[in-house]
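Dear colleague,

Please find below the structure that I am handing over to you. My notes on what was found in it follow directly after.

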Amino acid sequence: TITDVLGLFRQSLTGGTAIRLDQDLEPRIPGIVSDRDRLKQALINLVKNAMEAMPEGGTILVSTRMLKVPSRHADSNEQAGHIKISVCDNGPGIDVGIEDKLFKPNVTSKAGHDGLGLSIVHEAVTHLKGSLFYESTSGQGTCFHIELPVGKNGSENGTELYSAT
């Protein structure tokens, strides 16, 4: 799913853009049963936001890791562990004035944008029984992290997903 999303964005990048898309996908991540469309929607919104945050160019890195430490999400299955998907950019960071309401609808620091992207990501990750959090440093960039429990997570009509390349 991650490779598909990055492939779509790579195709849309024109020669004039200075945005670089990198990936670092851990090869030994187990398959998870999940709602592929919701996960794809979350990833598309995160990559799109990262690109919009860097109009002059920069690097976006999407990475995956298998974690055995307790998840930030209260309902996760601690025995099986969880998968962490990170979308990081080296843009300007998040405006301090909106950090506390970042995942709410209509919150944005970008002119001409509706501010729905991160609320859509939050809703999708919540549906997948995962957690969403971020780290941001002014002038250095932002990382959004999605943690999904290994096993079935929010998919009545699930599709088995593999995060490995």
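Five strands form an open sheet in the order β1-β3-β4-β6-β5, and the pairing is mixed. Strands here are DSSP runs of E with at least two residues, helices are runs of H or I with at least four, and both are numbered from the N terminus. Two strands are taken to pair if DSSP finds at least two bridges between them. β1 and β5 (131-137) stand at the edges with a single partner strand each, so one side of each has no neighbour in the sheet. From one strand to the next, the twist averages 15 degrees.

Please note that this is a predicted model, in which local features need pLDDT of at least 70 and side-chain atom pairs count only at pLDDT 80 or more, while totals for chains, interfaces and linings use all residues. Residues are numbered from 1 along each chain as its sequence is written, and side-chain values use heavy atoms, with hydrogens and water left out.

The pairings are as follows. β1 and β3 run parallel and share seven bridges; within this pair, I19 has G58 in β3 as its bridge partner. β4 and β6 are antiparallel and are joined by eight bridges. β5 and β6 are also joined in the antiparallel sense, by seven bridges, and S136 stands opposite T142 in β6. β5 and β6 form a hairpin with three residues between them, and G139 in the turn has a positive phi of about 80 degrees.

Two helices lie across the sheet strands. α2 lies across β1, β3, β4 and β6 and runs at about 25 degrees to β4. α3 lies across β5 and β6, at about 140 degrees to β5. For these angles, axes are lines fitted to C-alpha atoms, for helices over the stretch in contact, and the angles run from 0 to 180 degrees between N-to-C directions.

Which cysteines does the disulfide join? It links C88 to C143, with an S to S distance of 2.1 Å; a disulfide is defined as a pair of cysteine sulfur atoms within 2.5 Å, and the count by this rule is one. C88 lies in strand β4 and C143 in strand β6, so the pair ties together parts that are 55 residues apart in sequence. The link of C88 and C143 is right-handed, with 120 degrees about the S-S bond. C88 is buried at 16% relative accessible area, and C143 is buried at 18%. In the sheet, C88 stands opposite C143.

The structure also holds one aromatic pair. Y134 and F144 form this pair, which is tilted, with 5.7 Å centre to centre and 40 degrees between the planes. Rings of Phe, Tyr and Trp (its six-membered ring) pair if their centres lie within 6.5 Å; planes under 30 degrees apart count as stacked, over 60 as edge-to-face and the rest as tilted. Y134 is partly exposed at 22% relative accessible area, whereas F144 is buried at 9%.

Finally, I turn to the core. The largest nonpolar core has 35 residues, of which L43, V47, I60, V62, I85 and I146 touch the most other members. Such a core is a set of buried Ala, Val, Leu, Ile, Met, Phe, Trp, Tyr and Cys residues joined through side-chain atoms within 4.5 Å. The elements that give two or more residues to this core include α1 (2-12), α2 (36-53) and β3 (58-67). The largest share, seven residues, comes from α2.

Leaving aside neighbours within four places in sequence, L43 is in contact (heavy atoms within 4.5 Å) with T1, I2, V5, I85, V87 and I146. I146, in strand β6, is buried at 0% relative accessible area. I146 and L43 are 103 residues apart in sequence and 9.3 Å apart in space, C-alpha to C-alpha.

With kind regards

Note on methods:
Buried < 20%, exposed > 50% of the residue type's maximum accessible area, 1.4 Å probe, protein only.
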